[in-house]
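Okay, thanks for letting me jump in. Let me put the model up, and then I'll walk you through it.

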Amino acid sequence: LNGLTSLSDVAAASLSKHKGNYLYLNGLTSLSDVAAASLSKHGGQLHLDGLTSLSDAAAESLSKHEGGWLSFDGLTSLSDAAAESLSKHHEPLHLDGLTSLSDAAAESLSKHKGTLRLNGLTSLSDAAAESLSRSMGWLSLDGLTNLSDVAAEILTKHQGELDLFLDNLPESAAQILRDAVHGE
């Protein structure tokens, strides 16, 4: 259903009953709070990669989604309140479109228990690195191109799986991470 560019609240309620493992609604650029509440009841993966914004109420509803991962790769920003809500989602969470992340949002997202993809971030503050290093699931930060040595050192403490493209990082930060992987 990626061709849909709009979705009424009534249609969202009907789609929430869809029994498939996946629901692709990547053509949507907006979603009402009522539609989000309905879609949160869908029993499979939910792909909303065309959304350019997500209200705090919609994030709260969608955080209760239990059918698999949530994908919001079209979002370029996320409020601190939305991050707090989405951190409660227990399945993989894809936020690859985010280009920035506040320290408060990073703190909230660090509580997420599953896979967390933030591949759109090109930089990460030391405080955000500190928070995200405490996340327990798989953390993907493949888009980073700017990372301080302090943040690199902090990320070496991450207990879960950590994905970074070391070749894209400043050499000193990349070396810190390489040394940690090789136990040096």
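This is a predicted model: local features need pLDDT of at least 70, side-chain atom pairs count only at pLDDT 80 or more; totals for chains, interfaces and linings use all residues.

So, let's start at α6: its buried residues pack against α5, β5, β6 and α7. Those buried residues are A128, A129, S131, L132 and S133. Before I go on, some terms. Buried here means under 20% relative accessible area, exposed is over 50%, and partly exposed is in between, with a 1.4 Å probe and protein chains only. The helices (H or I, at least four residues) and strands (E, at least two) are DSSP runs, numbered from the N terminus. When I say packing, touching or contact, I mean heavy atoms within 4.5 Å.

Residues are numbered from 1 along each chain as its sequence is written, and side-chain values use heavy atoms, with hydrogens and water left out.

Now the core. In soluble globular proteins, nonpolar side chains tend to be buried together. By nonpolar core I mean a set of buried Ala, Val, Leu, Ile, Met, Phe, Trp, Tyr and Cys residues joined through side-chain atoms within 4.5 Å. Which residues touch the most other members of the largest one? That would be L39, F72, L95 and L118, out of 51 residues in that core. As for who contributes, at least two residues each come from α1 (9-15), α2 (33-39), α3 (56-62), α4 (80-86), α5 (103-109), α6 (126-133), α7 (149-155) and α8 (171-181). The largest share is from α7, with four residues.

Skipping neighbours within four places in sequence, L95 contacts F72, D73, L75, L78, L86, L109, L116, R117 and L118.

Over in α8, have a look at A173. Buried or exposed? A173 is buried, at 0% relative accessibility. Leaving out residues up to four places away in sequence, A173 touches L147, S148, D149 and A152.

Okay, charges. How many salt bridges does the structure hold? Seven, where a salt bridge is a side-chain nitrogen of Lys or Arg within 4 Å of a carboxyl oxygen of Asp or Glu. Take E84 and K111, whose side chains meet at 3.9 Å, N to O. That pair links distant parts of the chain, since E84 is in helix α4 and K111 is in the loop between α5 and β5 (116-117), 27 residues apart. Both ends are partly exposed: E84 has a relative accessible area of 28%, and K111 is at 41%.

Then there's E107 with R134, a salt bridge at 2.5 Å, N to O. E107 lies in helix α5 and R134 in the loop between α6 and β6 (139-140), so this pair ties together parts that are 27 residues apart in sequence. E107 counts as partly exposed at 30%, and so does R134 at 39%. Salt bridges that share partners also join E107, E130 and R134 into one network. One more of these is E171 with R178, at 3.2 Å, N to O, where R178 is partly exposed at 23%.

Last stop, the largest pocket. A pocket, on a 1 Å grid over the protein atoms alone, is an open set of points where a 1.4 Å probe fits, with protein on both sides within 12 Å along at least five of seven lines, and lining residues have an atom within 4 Å of a point. The largest pocket holds about 180 Å³ of space, the volume being the space filled by probe spheres set on the points, which are joined across faces, edges and corners. Its lining is L155, T156, H158, G160, L162, D163, L164, L166, L177, A180 and V181. Two or more of these come from each of β7 (162-163) and α8, and α8 gives the largest share, three residues. By class, the lining has seven nonpolar, three polar and one charged residues; Ala, Val, Leu, Ile, Met, Phe, Trp, Tyr, Cys and Pro count as nonpolar, Asp, Glu, Lys and Arg as charged, and the others, Gly among them, as polar.

L166 is partly exposed, at 24%, and touches A174, L177 and R178, not counting residues up to four places away in sequence.
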